[in-house]
Amino acid sequence: MGRFNAQVVNWTLMHDCYGDVERVPALLGRVEFDDNAEAWEELGYRLVLEDDLVFPAGFAALPRLVRLAPRSARARGLAGTILRRAAGHHGCDDLLADRADAIAEFRELLDRHLRSRPAGYLASFLDLLAAKGEYHWSAVLGDFTDDFYHLACPHCAVEVTIAIGEHGCYSAIRDWHLGDVDRRGLRPASAEELSGTGRWMYETAVRDGQESLADGIAHLFGKAECPHCASVFTIADEYASANRPVLR
Ligand SMILES: [Zn+2]
């Protein structure tokens, strides 16, 4: 910690996933100049790896990516990917903190983008959740066509399967031979019952005409009944507490 305090990027410290320190600034200069597809591709694999890793050069590059983002979908996508990975073990907390202004600007930009109801709405929605520091929901939220969440009943600890999708919204006990048995319908939260992140997510989806996303969120932040002991609990609370990423 404390290694990357400089407000002006010292690229000699900002290695990418190959340990290089010179290639990323050169590539950024290239895409700023002419939006070159090959340069974007190389930037992508130098800044983020498939297995959820991000490198110091990725955070260092954020301000320049955010500046390009209003006119470049590639810049927007790469900045979003970097922020989604920010919950992982990257050892760059100070560097990330130094990027607060760029991240705030990115949040505003993504919000404007979502208002335009783009194709691929969910991906930008998840990027915005990450930019707000909501890494958990950014990582686990699906499109609610056929989503399952597994959690332990807070009262009897039995494993409960929560289904939210086109095939139904229910809590159940998953039986490997019989499927989801002893189903109970979920009780979605009303708009007034929602608070915090759940409310923000719901209101944003409603604002942007994303009806199935809003409906899924209302169920996810609503209540379920345990098929085993019949106690009622809030799905999102139990799921988040059991699956919260370890932040360092
Ligand atoms: Zn129970």
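This is a predicted model: local features need pLDDT of at least 70, side-chain atom pairs count only at pLDDT 80 or more; totals for chains, interfaces and linings use all residues.
**Overall build**

The chain holds 11 helices and 6 strands. Its C-alpha trace spans about 60 × 35 × 35 Å along the principal axes. Of the 248 residues, 48% are buried. Among contacts with a separation of 6 or more, 57% join residues 24 or more positions apart.

The chain is divided into two domains: domain 1 covers 11-140, and domain 2 covers 146-243. Their centres, taken over C-alpha atoms, lie 31 Å apart.

**Where the domains meet**

On the domain 1 side, 14 residues are in contact with 18 residues of domain 2. The area buried between the domains is about 1,400 Å². Carbon and sulfur atoms give 67% of that area. In domain 1, Y121, F125 and W137 lose the most area to domain 2. Together these three make up 42% of what the domain 1 side buries.

The interface also has 1 salt bridge. D111 forms a salt bridge with R207, and the closest N and O atoms are 3.2 Å apart.

C153 and C229 link distant parts of the chain, 76 residues apart. C153 sits in the loop between strand 1 (146-152) and strand 2 (159-165). C229 sits in the loop between strand 5 (223-225) and strand 6 (232-234).

Is C153 buried or exposed? C153 counts as buried because its relative accessibility is 3%. C229 has 32% relative accessibility, so C229 counts as partly exposed.

Helix 10 runs over residues 211-220. Of its 10 residues, 7 are buried, so helix 10 is largely enclosed by the rest of the structure. The buried residues are L213, A214, G216, I217, A218, H219 and L220.

F221 is in the loop between helix 10 and strand 5. F221 counts as buried because its relative accessibility, 16%, is under the 20% cut-off. Which residues does F221 contact, leaving aside neighbours within four places in sequence? They are W137, A189, L194, G198, M201, T234 and A236.

G133 is found in the loop between helix 7 (121-131) and helix 8 (135-140). With a relative accessible area of 37%, G133 is partly exposed.

| Pair | Apart in sequence | C-alpha to C-alpha |
|---|---|---|
| F221 and L47 | 174 residues | 34 Å |
| G133 and A102 | 31 residues | 14 Å |

**In brief**

Two domains share an interface of about 1,400 Å² buried area. The interface includes the salt bridge count of 1.

Conventions
Residues are numbered from 1 along each chain as its sequence is written. Side-chain values use heavy atoms; hydrogens and water are left out. Helices (H or I, at least four residues) and strands (E, at least two) are DSSP runs, numbered from the N terminus. Buried means under 20% relative accessible area, exposed over 50%, partly exposed in between (1.4 Å probe, protein chains only). Domain bounds come from an automatic or database domain assignment. Contact means heavy atoms within 4.5 Å. Buried area is the accessible area (1.4 Å probe) that two parts lose on being put together, summed over both. A salt bridge is a side-chain nitrogen of Lys or Arg within 4 Å of a carboxyl oxygen of Asp or Glu.
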